[in-house]
Amino acid sequence: MNKIVLIAVIVIVVLIAIIIAVPLILGHGVSSGGSYITPSEAASVIGGTWSIEEDQSFYFTVNNNNAVTIKYFNGTTETKPLSVFMSSSGMSGSSYIPTSGMVESLKGTVDNESSSIDALCLTFSSSTVARDFYSNMQAESMFFATQTQNVSSSAFVFYGPGGNFGREYSSGIIELNGNTVYIVVVTSPMPLGSATLENLVSYM
């Protein structure tokens, strides 16, 4: 799945439904633009072995000239007009368009089973917009996740089947911090506890 499309899915508040229905094979800065989860950090928290899909992981910024700059972890840079970015990602009409962010994809093996981590950092124009986005995500999770749990006033975890004929689980955490929302979703052989998910998101 194109990771720009993934951003759109999140922005239009159906990320949780997509993650639960169709598991994705999809942070200490690669170049410019924030922190990400390293393979060694993933291994220390979850176990197994991990690698970053550098051609599927990127930072993006919406510039003042209505262009979006996309910087992939592999060093490639791409610039698209905002209208094209929005159209191709399905974000047209959304009230929750981040001004910048990061999408990271890791693939790994845990207990001899293929696993994945989706890590996203979405920065909005204000803390109010970020709070509204977070609240909407929390409300949507009640409908699409099989289980949700507040771990603090600004973070919640959610769970659902991860596919592979019931042999995988999706475990996720969404955390609000000022004008930024952090999202981490892990598809693995076993569901992860809230403390493990909190530990994982702390690296971003």
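Trainee: As I have it, helices (H or I, at least four residues) and strands (E, at least two) are DSSP runs, numbered from the N terminus. With that settled, where is the place of Asn 112?

Mentor: This is a predicted model, so please read every value below as computed from it. Asn 112 sits in the loop between β5 (100-110) and β6 (113-123).

Trainee: Is Asn 112 buried or exposed?

Mentor: Asn 112 is exposed, because its relative accessible area is 77% and exposed means over 50%.

Trainee: And what about its phi?

Mentor: The phi of Asn 112 is near 65°, which is a positive value in a residue other than glycine. Asn 66 also has a positive phi, of about 60°, although it is not a glycine. That residue lies in the loop between β2 and β3, and it counts as exposed at 51% relative accessibility.

Trainee: Let me step back. How many helices and strands are there in the protein?

Mentor: The protein has six helices and ten strands. It is made of 204 residues, of which 50% count as buried.

Trainee: What does the accessible surface come to?

Mentor: It comes to about 8700 Å², and carbon and sulfur atoms account for 49% of that area.

Trainee: Which residues form a nonpolar patch on the surface?

Mentor: Met 142, Phe 143 and Phe 144 form such a patch, with about 370 Å² of accessible area together. Met 142 belongs to helix α5, which covers residues 127-144. With a relative accessible area of 55%, Met 142 is exposed.

Trainee: New topic: aromatic rings. How many aromatic pairs does a search of the whole structure find?

Mentor: The search finds seven aromatic pairs. One of them joins Tyr 59 and Phe 73, whose ring centres are 5.3 Å apart and whose planes meet at 25°, so this pair is stacked.

Trainee: Where do Tyr 59 and Phe 73 lie?

Mentor: Tyr 59 is in strand β2 (residues 58-62), while Phe 73 is in the loop between β3 (67-72) and β4 (77-81), so the pair ties together parts that are 14 residues apart in sequence. Tyr 59 is buried, with a relative accessible area of 6%. Phe 73 is buried as well, with a relative accessible area of 6%.

Trainee: What about the pair of Tyr 134 and Phe 156?

Mentor: Their ring centres lie 5.6 Å apart and their planes stand at 65°, so the pair is edge-to-face. It links distant parts of the chain, since Tyr 134 is in helix α5 and Phe 156 is in strand β8 (residues 155-161), 22 residues apart. Both Tyr 134 and Phe 156 are buried.

Trainee: Which residues form one aromatic cluster?

Mentor: Tyr 36, Tyr 59 and Phe 73 form one aromatic cluster.

Trainee: One last residue. Where is Ser 188 found?

Mentor: Ser 188 is part of strand β10, which covers residues 180-188. It counts as buried, because its relative accessibility is 1% and buried means under 20%.

Trainee: What does Ser 188 touch?

Mentor: Leaving aside residues up to four places away in sequence, Ser 188 touches Ser 115, Glu 168 and Tyr 169.

Note on methods. Residues are numbered from 1 along each chain as its sequence is written. This is a predicted model: local features need pLDDT of at least 70, side-chain atom pairs count only at pLDDT 80 or more; totals for chains, interfaces and linings use all residues. Side-chain values use heavy atoms; hydrogens and water are left out. Patches are made of residues with over 30% relative accessible area and no salt bridge: like charges are joined within 9 Å, nonpolar side chains (Val, Leu, Ile, Met, Phe, Trp, Tyr) within 5 Å. Accessible areas come from the Shrake-Rupley method with a 1.4 Å probe; for residues, only the protein chains shown count as cover. A salt bridge is a side-chain nitrogen of Lys or Arg within 4 Å of a carboxyl oxygen of Asp or Glu. Buried means under 20% relative accessible area, exposed over 50%, partly exposed in between (1.4 Å probe, protein chains only). Rings of Phe, Tyr and Trp (its six-membered ring) pair if their centres lie within 6.5 Å; planes under 30 degrees apart count as stacked, over 60 as edge-to-face and the rest as tilted. Contact means heavy atoms within 4.5 Å.
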